[in-house]
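Let's take a walk through this structure together, one region at a time. Please keep the sequence and the 3D view open as you read.

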Amino acid sequence: MNDRSLRGKVAVAGVGETTYYRHSQAPEPEFMLCLKAILAACGDAGIDPRDIDGFASYSDDRNTPMALSAALGTHDLRFANMQWGGGGGGVAGALANASAAIVSGLADCVVVYRALAQGQFGRFGQGAQFPAVPGEYALALSYGPMAPAQFFAPKVTRFMHEHDVGQGALRAIAMTSYHHAQANPRAVMYGKPLTEEKYDESRWIAEPFHLYDCCMENDGAAAIILVSAERARDLKQTPTFILGAAMGAAPRASGSPTTIFATPDYPSSYFKPVAKRLYAMAQVGPQDVDVVQCYENFTGGVLMSLVEHGFFEPEEAMDFLRLENLIAPTGKLPLNTSGGNLAECYMHGLGLQIEAVRQVRGQSTSQVPDVNISLAVGGPMSPPVSTILYGSEASL
Amino acid sequence: MSNSYLGLGSPASAAGATGEGVSAPGYYLPQGLPVPLTGPNDLYEPYWQGARNEKLIVQRNPATGVYQWPPQWIAHDTQSFDLDWVEVAPQGLIYSWTRVWHPVHPALKDVGPYIIVIVELPHAGGIRMLGNLLGDPLQTVVIGTEVDAIFEHHDDAAAPFTLVQWRTMG
């Protein structure tokens, strides 16, 4: 074992979030939301905001490290990083990049952040409003698929077809998020429970996705501060350590959501090689994972991601993906315990990362007992996809 | 093989004139959606020119016979810039699909569900293409069904173009 690893060398010092709003409802500009989330994380960590010396984000976040460092009065900017790729594919990748910067000595205290104010900047779920489109865009947009659900649906249909997975598996994933959101006052869908009947009767968006298979669109911001493991042990919070992280894609995965249909291994979340690297770095396997936060812009992505992280075979999906198996505290694999992108907030998955940290700290509103290993998955619709394992002191 | 097939039972024929999109006989979806933008020296030009002539033209590496789609500037298997464009039989198998019920484009506002199919071309190395499945938008779609291409000519567009659509065979 060489030392080219993140394992145990970096820890989460603090986490922060703004209030989560329905899309276009935030009373403040996006940059203000971003600053507030970072300040909340500093407060959680007990760190002077001016001591942050690195900024890392993903999905082309509009709030640049230069703007943030100027606003915050950063003493010494040492690291500024953007993970390529859209949506939430890069969320764990941004945390991996920040961790790598700390391990390599490029920076000491890095904040990973994401902020969204769609009223200010426009919606994700709207189609391309251009009269003419070039290249690969014309291979799709001229035929009607224009929004993420429409691009992604045939991939899930093919996976379900190959492995005989029924709609009930997707429904269980949606039910799980809504179930956990009822215990989480931060969740936008707090107080709005979902029943099987309500799911079944909800309208189709794009088959096989009902309304409740699709994430919300929200405004808000979230931030996670990373420091070295040694420094974290001297700070306010019980440290949550990075055990491993990995990112990547399937060979010749399409670079554009418009042409994902051309990817040779199409019915896949792209995690087959990535999860293998994750577990190798973390020196654990799927059987060691206590709780999972798995990115769900659409439920079908969770189905494929869980399979490719080794939790069950695709043919076992209908047995495994049942509400009783997926809910905290008693389920065998508690999933999306904050309500996730479907029911807490769609902050491109950074909320799920914070929830994974809360589970290690014992601070979740749907706490799983004695969590030592906590998985948080980003993707799988927008490669490169990424995934990360957090652990307690006892896990090291 | 062209637009005369279209119209009956397509979402566009049911759309009427209430939406922002313009319903035109012979088109599966209304006018107003983004149209292909191409021209000389564009990577995609041979494909769109082929479609104008009711031919399905795709890329193939002359050294290895490997097909690739969508087109690339370089062959993925040999990193050669020397690529052929070859005609392939305009047929295939339904590989996957979705029926879209919630449109997001103004031109589709009053259009009922429409079907998107991913079609695999086993005789061309298994490359895949995306189009609409013509006919009743509520039809049962079966993966593996044989389909053939219908060339949907948009001759009235400012820059005329042709979409490659699909219908079940038999």
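Axes here are lines fitted to C-alpha atoms, for helices over the stretch in contact, and angles run from 0 to 180 degrees between N-to-C directions. Please bear in mind that this is a predicted model.

With that in hand, turn to a helix pair in chain A. The axes of helix 7 (residues 167-181) of chain A and helix 11 (residues 299-308) of chain A cross at roughly 100 degrees and come within 9 Å. Angles of 65 to 115 degrees count as roughly perpendicular, and helix 7 of chain A and helix 11 of chain A are therefore roughly perpendicular to each other. Helix 7 of chain A brings A169(A), L170(A), I173(A) and A174(A) to the meeting, while helix 11 of chain A brings T299(A), G300(A), V302(A) and L303(A). By class, this contact has six nonpolar, two polar and no charged residues.

L303(A) leads us on to the core. The largest nonpolar core has 190 residues, and L303(A) is among those with the most contacts inside it, together with V110(A), V112(A), A223(A), I225(A) and L226(A). Helix 3 (residues 91-104) of chain A gives the most to this core, with nine residues. In soluble globular proteins, nonpolar side chains tend to be buried together.

Which residues of helix 2 (residues 65-72) of chain A are buried? They are P65(A), L68(A) and L72(A). Seen down the axis of helix 2 of chain A, the buried residues fall within an arc of 70 degrees, so they line one face of the helix. An α-helix has 3.6 residues a turn, so residues three or four places apart point the same way. The buried residues of helix 2 of chain A pack against helix 1 (30-45), strand 3 (54-58) and strand 4 (79-83) of chain A. On the other side of helix 2 of chain A, M66(A) and A70(A) are exposed. G73(A) follows helix 2 of chain A and has a positive phi, near 75 degrees.

Some backbone details in chain A are worth a stop. The peptide bond from A328(A) to P329(A) is cis, with omega near 0 degrees, and P329(A) lies in the loop between helix 13 (323-326) and helix 14 (340-344) of chain A. Another cis peptide bond joins G379(A) and P380(A), with omega about 10 degrees.

Now let us cross to the partner chain. In all, 36 residues of chain A are in contact with 31 residues of chain B. On the side of chain A that touches chain B, strand 6 (132-134), helix 5 (135-141), helix 6 (148-163) and strand 7 (204-206) each supply at least two residues. By class, that side of chain A has 21 nonpolar, ten polar and five charged residues.

Chain B itself has two helices and nine strands, and its elements run α-β-α-β-β-β-β-β-β-β-β from the N terminus on. Of its 170 residues, 44% count as buried. E146(B) is exposed, with 12 other C-beta atoms within 10 Å. Leaving aside its neighbours within four places in sequence, E146(B) is in contact with Q91(B), L93(B) and M169(B).

Technical notes:
Residues numbered from 1 in each chain as written. Chains lettered and ligands numbered in written order. Predicted model: local features only at pLDDT ≥ 70, side-chain atom pairs only at ≥ 80, totals over all residues. Helix = DSSP H or I, 4+ residues; strand = E, 2+ residues; numbered from the N terminus. Buried ≥ 20, exposed ≤ 12 C-beta atoms within 10 Å, placed from the backbone. Parallel < 35°, antiparallel > 145°, perpendicular 65-115°, else oblique. Contact = placed C-beta atoms within 7 Å. Nonpolar A, V, L, I, M, F, W, Y, C, P; charged D, E, K, R; others polar. Core = buried A, V, L, I, M, F, W, Y, C linked by C-beta atoms within 7 Å. Arc of directions from axis to C-beta.
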